[in-house]
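Hello,

Here is the model I promised to pass on.

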Amino acid sequence: MNRLIELLAIGVSLGSIYALIAVGFAVIFKGTRVVNFAQGSILLLGAYIVAVLSPHVGFWAALGFGLAAGALGGLALYGLVGLVRHGDHMTLSILTIGADVLLATELARRVGSRVMPTGDPWSDGVLRVAGLTVPHARVAALLSALLVIGLLFVVFQRTAWGVSWRSAAADPEVATLMGIRLRRVRGASWLIGDALATLAGLFLVAFPNTGVEAHTGLLALRAIPAVIIGGLDSPEGAVLGGLAVGVAETLVAGYGDELGFLGQGAGDVTPYLLMILVLLWRPSGLFGSREAVRV
Amino acid sequence: MRLSLREVSLNFGGVRALDGVSFDVEPGSVHAVIGPNGAGKSSCFNAVCGIYAVGGSIRLGDRELTGLPPHVVAGLGVARAFQNIALGGADTVLDNLMVARHHLTGAGFVSAGLGLRRVRREEHRHRLRVTEIAEFSGLADVLDTPVAELSYGDRKRVEFARALAMEPRVLLLDEPVAGMTYHEKAATVALIRETREVLGVSVVLVEHDMPLVMGLADRITVLDFGRVIADGPPAHVREHPDVLRAYLGAHP
Amino acid sequence: MKTGPGVTAKTIRLGAMSDLSGAVFGPLGRTQVQGNQLYIDKINKAGGICGRRLELVVKDHGYDVQKATVAFSELEPQVLGITHLLGSPITAALEPEITTKKLLTVPSSFASSLLKSEYLAVLGTTYDIDMINGLAHLVSKGKLAKGDTVSHIYFEGEYGTNALKGSTWAAGRLGLTLRGVQIKATDADLTAQVTRLKSDGAKAILLSASARQTASVAGVTRSIGLDVPIVTQTPGFDPALLDTPVRAALEKNLTVLTSYAPYGADAPGPKEVAALFKAKHPNEPPNALVDYGYVSAQVIGEALKQACTDKDLTREGLGTAYRKLKSLDTGGLMAPMDFTVRGAPASTQTFISRVDGSAEGGLVAETGLYRAQITPEYKVG
Amino acid sequence: MSRPTSKVTRYAGTAAALLLLLAMPYYLDAFWLQVGAFVMAAIIGAIGLTVLVGSAGQLSLAHAFFLAVGAYGYAFLAGEPGAGSAGTTLSGPGLPTTVAALLAVALAGAAGLAFSPVAGRLHGLYLGVASLGLVFLGQHVLFNARPVTGGFNGRPIPELSVLGFELTGDEPDLVLLGVPFGARERLWYMALLCAVAAYVVAGRIVRGRPGRALRLMRQNPIAAASMGVPLRRYRAGAFVFSAMYAGVAGILIALTARRVVPDHFGLVLSVEYLAMVVIGGLGSVRGAAVGAAFITGTPLVLSHYGDAIGVFARPGEDGIDAATAVRLLYGAAIVAFVIGSAQKGRPHAITITMDRARRALPGVSRRRLQRQGR
């Protein structure tokens with residue numbers, strides 16, 4: 001029982017990091033109907049910048065630069081996608097794959113074999129509550145995710161900007177007629193989406209992991225099942241999907257012996273299995289908008 | 001063959017797009033469906049084509065269409081020309097018209113891949129027929145041109161010809177002259193008349209151009225907010241108070 | 001003098017096939033190739049072997065079997081032997097051709113299953129024997145006692161399964177309970193697995209994985225308050241880990257088992273390699289894999305010298321000469337090696353080291369060379 | 001689909017190219033023959049993918065999975081039971097190799113069909129992302145189903161032979177025109193035969209009825225359905241077709257590499273195949289072939305000439321090595337080709353104004369049209 005609770009705690013804190021990335025995917029998709037496959041390399045970019053700068057300017061300033069780099073990276077991608085006038089959404093998503101290959105290769109070359117710590121203030125501290133031990137970094141991740149995602153939802157629901165974002169996402173043509181500047185609103189989707197990924201990246205490389213590595217970006221792929229399970233165009237669903245993936249992955253890894261029939265190392269693939277099952281049941285994810293069209 | 005709609009209803013997340021719509025399209029007639037924007041005209045077409053699942057009954061002759069998937073409806077002889085041109089842009093006019101022969105032909109992945117004689121003959125036969133239809137529609141010169149290189153009016157015409165190439169019993173035309181020049185409109189009207197005369201096809205027409213509709217249609221159904229507010233010959237509909245309100249209410 | 005492929009009147013060509021661009025193994029491959037080159041430079045400076053200069057042809061396969069087969073068919077006709085072949089799937093793929101072409105090859109692997117192959121020269125101890133020595137060492141130090149539970153986290157594949165074989169055998173002999181946990185090379189966060197070990201009551205963690213898993217295990221054990229020895233093997237340690245937050249945990253709990261001496265260890269061989277490395281790559285962080293790369297080339301070099309004496313610089317000649325190396329002394333880079341017995345490991349002594357962040361290369365000797373009492377009873381294969 | 005300018009020149013060109021390819025083994029050494037075999041395998045796989053992604057508009061990142069099904073299917077079905085590497089015990093029915101090869105292709109098709117309930121329900125992007133899962137699940141199985149797959153170190157590949165004549169091996173000895181026809185020469189011809197057949201078949205499908213239906217389905221599924229195209233069946237059909245092509249490619253890759261290992265069939269491979277079809281122009285069979293040759297051939301050739309060119313860092317030294325350079329190159333190629341092809345793209349509906357005179361209705365066709373085509 002204790003083990004279950006401990007694993008759940010780990011799963012939820014890991015899931016909150018996935019949720020950040022997944023919300024990023026969903027915001028970009030909802031805003032512009034593009035699946036940003038470059039989310040992973042943007043995450044790596046942000047974390048890399050933090051790791052490079054933090055010895056010189058301190059962690060918090062480096063964090064600012066890292067988030068800015070991630071957000072600007074998102075904007076740059078949006079600019080790139082904007083170059084394609086007549087492409088459909090699939091073509092645009094393929095474009096992000098190309099961008100991802102470019103950026104990830106260059107960053108991997110720069111990082112090389114190094115493990116680059118980000119110098120975060122949580123270091124290797126741990127919190128012990130009621131027999132549970134959770135790293136400070138993961139507690140911070142959970143709280144930050146709650147705060148940032150909560151704030152984002154408030155902005156979407158309550159502010160004028162949020163209303164224009166939502167209407168632009170729902171019907172671009174009508175939104176244009178209402179005087180909403182699509183380019184700005186869409187650019188903001190990329191900016192927010194990739195800043196979220198960067199923040200998640202920071203926590204992903206923090207304790208108990210050791211730092212930025214050449215393939216840190218691959219971890220963002222885990223958020224893909226999360227966002228699909230929730231529904232590509234549903235930021236709310238992405239939160240749930242992220243948590244579900246984090247918990248499922250941790251439980252399967254933690255109960256590896258009992259689940260031996262799944263094969264060793266099944267924790268990694270559990271999210272994908274879950275994703276395919278959910279898709280068979282609901283082709284647009286749990287909260288994705290379904291189309292009335294029967295084709 | 002008569003196309004009849006009975007009490008057709010369709011909901012979109014609480015909004016009633018179609019609300020108990022009933023009307024008949026007599027064989028060989030030109031039947032217009034008109035109404036203000038958002039009145040449910042295109043939904044009506046989508047319902048007939050099987051793209052939306054609706055309540056009520058839609059019949060073609062004796063055959064119930066509701067519940068059938070779109071490709072089966074197409075196979076039964078319901079063809080549609082789309083309002084926003086839905087052609088394969090990179091493909092030639094000929095290829096675009098050949099798609100319409102899909103339900104009349106049978107080559108699959110295997111037989112097409114192997115280049116069987118049967119497939120080659122079928123292709124040849126249908127190519128001849130499609131060429132005839134293209135000639136009829138005034139597209140003979142551009143058969144080998146990619147659709148994307150055509151003018152807007154010509155693409156509208158390809159859209160029409162493609163529906164014709166399905167050898168339909170009922171032809172659904174969604175705003176066939178929208179955005180056309182005066183001359184193009186005249187040509188299209190002539191084409192629709194010819195089609196009905198020559199092929200005896202029923203034509204269902206959604207169109208905003210009132211003079212054109214009044215001159216062309218045998219019968220008109222007026223929709224507003226998903227409901228039929230008037231149905232009858234042009235002269236009758238023109239005088240109908242609800243129609244006047246629906247149309248003129250916005251411009252007092 | 002009979003000569004074979006790769007041998008001219010003035011040169012002898014050797015090959016190295018490595019992963020120099022891949023993310024996981026790239027860094028390891030690079031260092032070993034550098035080690036190869038250090039030895040070759042040194043020999044050439046001293047006039048070569050058999051009056052011929054040595055040349056090293058390096059091919060990158062990116063840890064991809066497809067690229068490796070192509071690279072091999074290009075490399076094979078032009079070399080006499082191979083000083084470095086990285087990647088166990090790749091070794092498995094190329095092994096049939098290596099055998100038919102009689103191409104003496106040093107695989108970058110210590111798997112005992114490779115001993116079967118006539119032309120694969122596995123240096124030093126094998127993974128299974130390292131684990132036996134390591135486990136017995138913990139018992140002899142009193143860190144483990146009969147009845148204790150030990151967990152072994154291992155990679156799928158040759159390296160992990162071979163190590164597990166050794167640890168399982170040793171656990172049986174030492175009265176320990178062993179639990180194996182298999183992971184993938186790409187698993188970076190082992191929180192769930194280690195949490196599991198804690199509830200199993202593991203008294204020590206054996207780790208046959210790579211450095212990133214070592215980092216994760218060290219970090220997680222600390223974060224969940226599991227203060228037990230961690231024992232890892234050759235690929236499981238990288239000095240780069242010392243710049244990370246887990247340094248303290250590593251220094252406290254990590255023991256590293258290797259076939260070769262720690263970088264810059266106090267013996268003539270390691271000292272010489274360290275000096276050569278410093279001179280050639282002054283700005284690169286040192287790593288004990290340089291030692292291993294150096295020895296790999298040295299074994300081929302010694303075999304070449306023997307072949308030269310035998311007046312047979314063909315591939316068969318090189319193969320025969322290598323089987324004549326009985327107690328090859330590498331100046332303390334590795335334990336003395338004996339290649340005359342087919343199917344047996346060249347040595348059964350393991351270097352046991354602990355982590356010291358202030359040492360160059362990050363490792364210092366804990367026992368020096370160590371062979372447990374039970375080790376000779378173990379049957380390889 | 002372009003107008004047949006001069007059929008004679010085109011046929012002559014094709015014949016010359018084929019003759020050249022047939023003569024290659026007389027001039028090339030083992031390295032080039034092997035590169036050629038890998039390239040031709042990739043061409044087949046890429047053609048399969050371009051029909052799926054380009055014609056049918058179904059983004060698939062699962063291609064590596066279907067390649068693996070073909071490769072492993074053959075390895076297992078033709079394999080004999082015995083000891084594998086790293087202590088695994090291999091099982092295998094040891095079927096005649098040609099039977100095993102055909103079954104492996106069928107198996108790949110069946111895998112495509114099995115995935116098609118997912119594929120048929122999802123459109124474009126959802127499918128692309130879901131197919132990603134297939135790669136990871138597939139690799140998981142490859143690593144774990146040891147008796148079948150051999151686990152981490154994979155399985156050896158039995159030579160393909162017909163009636164005792166090895167099509168990919170050295171037995172029996174064969175010398176033609178003074179050149180010994182060993183494994184690599186035979187493999188070259190095998191791969192060439194398969195690639196040419198795959199090219200021709202795919203070209204016919206793309207130009208024919210299924211291709212037209214798929215293309216319209218991609219651009220406008222509702223219109224396609226309204227033309228009588230059963231969408232689900234066609235989506236599934238495209239998947240099965242592409243999976244079977246991947247199956248053939250997988251077998252050829254396995255035969256050339258002589259061993260299959262799970263590491264090879266990962267996400268990177270899927271992305272490489274996607275790059276091939278994007279570079280070649282989505283939906284173009286010829287483009288896919290060119291893209292495949294570029295993506296597969298360049299790294300192999302660059303590493304061959306890398307030292308000679310001297311632009312790239314030598315293995316083990318600092319700087320951009322050939323492998324990294326190639327990855328950067330194809331990343332950039334994807335970006336450039338997507339942007340480039342969409343830029344010149346199709347003119348926008350509204351931008352073109354129409355002032356051409358209306359075309360008169362030719363009265364002659366009236367009578368002919370009355371003959372109903374049904």
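Below is what I found, going through the chains one topic at a time.

First, the conventions: residues are numbered from 1 along each chain as its sequence is written, while chains are lettered from A and ligands numbered from 1 in the order in which they are written. Please keep in mind that this is a predicted model, where local features need pLDDT of at least 70, side-chain atom pairs count only at pLDDT 80 or more, and totals for chains, interfaces and linings use all residues.

**The sheet in chain C**

Chain C holds an open sheet of seven strands with mixed pairing, in the order E7-E6-E8-E9-E10-E12-E13. Helices (H or I, at least four residues) and strands (E, at least two) are DSSP runs, numbered from the N terminus, and two strands pair if DSSP finds at least two bridges between them. Strand E7 (177-183) and strand E13 (363-370) of chain C are the edge strands, each pairing on one side only. From one strand to the next, the twist averages 25°. Strand E6 (residues 149-155) of chain C runs parallel to E7(C), and the two pair over seven bridges. C:Tyr154 stands opposite C:Gln182 in E7(C). H5(C) packs on this sheet, where it touches E6, E7, strand E8 (202-208) and strand E9 (230-233) of chain C, and its direction makes about 165° with that of E6(C). Here and below, axes are lines fitted to C-alpha atoms, for helices over the stretch in contact, and angles run from 0 to 180 degrees between N-to-C directions; a contact means that the C-beta atoms of two residues, placed from the backbone, lie within 7 Å.

**Two helix pairs**

Helix H5 (residues 158-174) of chain C also meets helix H4 (residues 127-140) of chain C: their axes come within 7 Å and cross at roughly 40°. Residues making the contact include C:Ile132 and C:Leu135 of H4(C) and C:Trp169 and C:Leu174 of H5(C). By class, the residues of this contact are 13 nonpolar, three polar and two charged. Ala, Val, Leu, Ile, Met, Phe, Trp, Tyr, Cys and Pro count as nonpolar, Asp, Glu, Lys and Arg as charged, and the others, Gly among them, as polar.

In chain A, the axes of helix H10 (residues 235-254) and helix H11 (residues 270-281) come within 8 Å and cross at roughly 125°. H10(A) is therefore oblique to H11(A) (under 35 degrees is roughly parallel, over 145 roughly antiparallel, 65 to 115 roughly perpendicular, and the rest oblique). H10(A) passes H11(A) in a right-handed crossing. Among the residues in contact are A:Val245 and A:Glu249 of H10(A) and A:Pro271 of H11(A).

**A hairpin in chain B**

Strand E9 (residues 219-224) and strand E10 (residues 227-232) of chain B pair in the antiparallel sense over five bridges. B:Val222 stands opposite B:Ala230 in E10(B). The hairpin has two residues between the strands, and B:Phe225 takes a positive phi near 45° there.

Chain D has 14 helices and eight strands. The contact takes 30 residues from chain D and 30 residues from chain C. On the side of chain D that touches chain C, the largest share, five residues, comes from H2(D).

Best wishes

Key
Left-handed = near helix turned anticlockwise from the far one by under 90°.
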